[in-house]
Amino acid sequence: MATLRLGDIAPDFTQYSTAGKISFHQWAGDSWVVLFSHPADFTPVCTTELGKTAALGGEFAKRHVKPIAISVDPLESHGKWVNDINETQNTTVNFPILADADRKVADLYDMIHPNALSTGATATVRSVFIIDPNKVIRTTFTYPASTGRNFDEILRVIDSLQLTDGYKVATPVNWKDGDDVIIVPSLQDPAELAQRFPKGFKAVKPYLRITPQPNK
């Protein structure tokens with residue numbers, strides 16, 4: 001399987017999950033999706049990550065995002081793990097966890113990196129795919145099995161993608177929702193600039209303009 005790149009269509013699949021059998025593209029519908037993998041059930045770092053995802057349910061929902069996790073352990077193990085997550089993380093897991101015991105999805109998304117793993121050649125690394133409503137892969141992260149993900153960063157990237165999709169802007173270093181943004185250099189027409197940014201903007205250099213975040 002070739003490595004998936006930004007701009008590729010996220011491969012479709014059908015797999016069983018804690019929420020029943022899922023046909024991925026149909027399940028995703030017109031939502032954004034965060035698909036993220038875990039090396040194994042009951043591992044402590046994974047448990048904290050899934051608990052955090054559940055706790056952020058409202059944040060994902062207001063961004064029109066569906067989270068979906070994957071582990072190569074079987075469905076019966078997932079069910080027991082969900083109970084453990086709910087108890088230890090004081091939350092309720094309310095999103096699907098794919099039971100990818102046959103490694104179908106893990107192989108399709110190139111989530112198994114044998115040379116990076118001390119836990120065994122068939123475990124998945126901590127992959128993250130942010131996928132837009134057109135099923136296009138917009139962002140990928142790959143973490144080692146020992147390092148938990150930063151979900152604040154995942155939400156920050158989603159905010160940036162959704163903002164920049166709707167306006168001719170880009171987000172600068174360490175940008176957070178509500179901060180100033182950069183008008184893309186290709187936008188030079190004064191009339192269009194005035195129409196798009198009626199509150200004005202600051203020209204830092206001839207090629208760089210800073211504007212308050214556009215009204216969504």
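**A loop residue and its contacts**

Reply: Leaving out residues up to four places away in sequence, threonine 91 touches Gly51, Ala54, Ala55, Ile85 and Asn86. The model is a predicted one.

Me: Where does threonine 91 lie?

Reply: Threonine 91 is in the loop between helix H4 (75-89) and strand E5 (97-99).

Me: And is threonine 91 buried or exposed?

Reply: Threonine 91 counts as buried, because its relative accessibility is 16% and the cut-off for buried is under 20%.

Me: Which residues of H2 are buried?

Reply: In H2 the buried ones are Cys46, Thr47, Glu49, Leu50, Gly51, Thr53 and Ala54. Gly51 and Ala54 are also among the residues that threonine 91 touches.

Me: How far apart are the end C-alpha atoms of helix H2?

Reply: They are 17 Å apart. Helix H2 covers residues 44-55, and at 1.5 Å a residue its 12 residues should span 16 Å, so the two values agree.

Me: Other topic: lysine 135. What is its phi?

Reply: About 70°, a positive value, although lysine 135 is not a glycine. Lysine 135 sits in the loop between strand E6 (126-131) and strand E7 (137-143).

Me: Buried or exposed, that lysine 135?

Reply: Buried: the relative accessible area of lysine 135 is 14%, and the cut-off is under 20%.

Me: What is lysine 135 in contact with?

Reply: Neighbours within four places in sequence aside, lysine 135 is in contact with Asp8, Ile9, Ala10, His25, Ala28 and Gly29. Take alanine 10: lysine 135 and alanine 10 are 125 residues apart in sequence, yet their C-alpha atoms are 5.6 Å apart in space.

Me: How much of the contact list for the protein comes from residues 24 or more positions apart?

Reply: Such pairs account for 64% of the contacts with a separation of 6 or more.

Me: What about the phi of asparagine 174?

Reply: Phi of asparagine 174 is near 60°, again a positive value in a residue other than glycine. Asparagine 174 is in the loop between E8 and strand E9 (181-183). With a relative accessible area of 64%, asparagine 174 is exposed.

Me: E8 and E9, then. In what order do the strands of that open sheet come?

Reply: The order is E8-E9-E11-E10, 4 strands with antiparallel pairing. Strand E8 (169-170) and strand E10 (202-205) each have a single partner strand, so they stand at the edges and one side of each lacks a neighbour in the sheet.

Me: How many bridges join E10 to E11?

Reply: There are 3 bridges between E10 and strand E11 (residues 208-211).

Me: Now the whole protein. How many helices and strands?

Reply: The protein has 7 helices and 11 strands. Its C-alpha trace spans about 60 × 40 × 35 Å along the principal axes.

Me: What share of the residues counts as buried?

Reply: 44% of the 216 residues. The accessible surface comes to about 10700 Å², and carbon and sulfur atoms hold 52% of that.

Me: Last one: how many positive and negative side chains?

Reply: The protein has 22 positive and 24 negative side chains, and the centres of the two sets lie 6 Å apart.

Conventions: Residues numbered from 1 in each chain as written. Predicted model: local features only at pLDDT ≥ 70, side-chain atom pairs only at ≥ 80, totals over all residues. Heavy atoms only, no water. Pairing = 2+ DSSP bridges. Helix = DSSP H or I, 4+ residues; strand = E, 2+ residues; numbered from the N terminus. Expected span 1.5 Å × (residues − 1). Buried < 20%, exposed > 50% of the residue type's maximum accessible area, 1.4 Å probe, protein only. Contact = heavy atoms within 4.5 Å. Areas by Shrake-Rupley, 256 points an atom, 1.4 Å probe, with all protein chains shown as cover. Lys, Arg positive; Asp, Glu negative; His and termini not counted. Charge placed at Lys NZ, Arg CZ, Asp CG, Glu CD.
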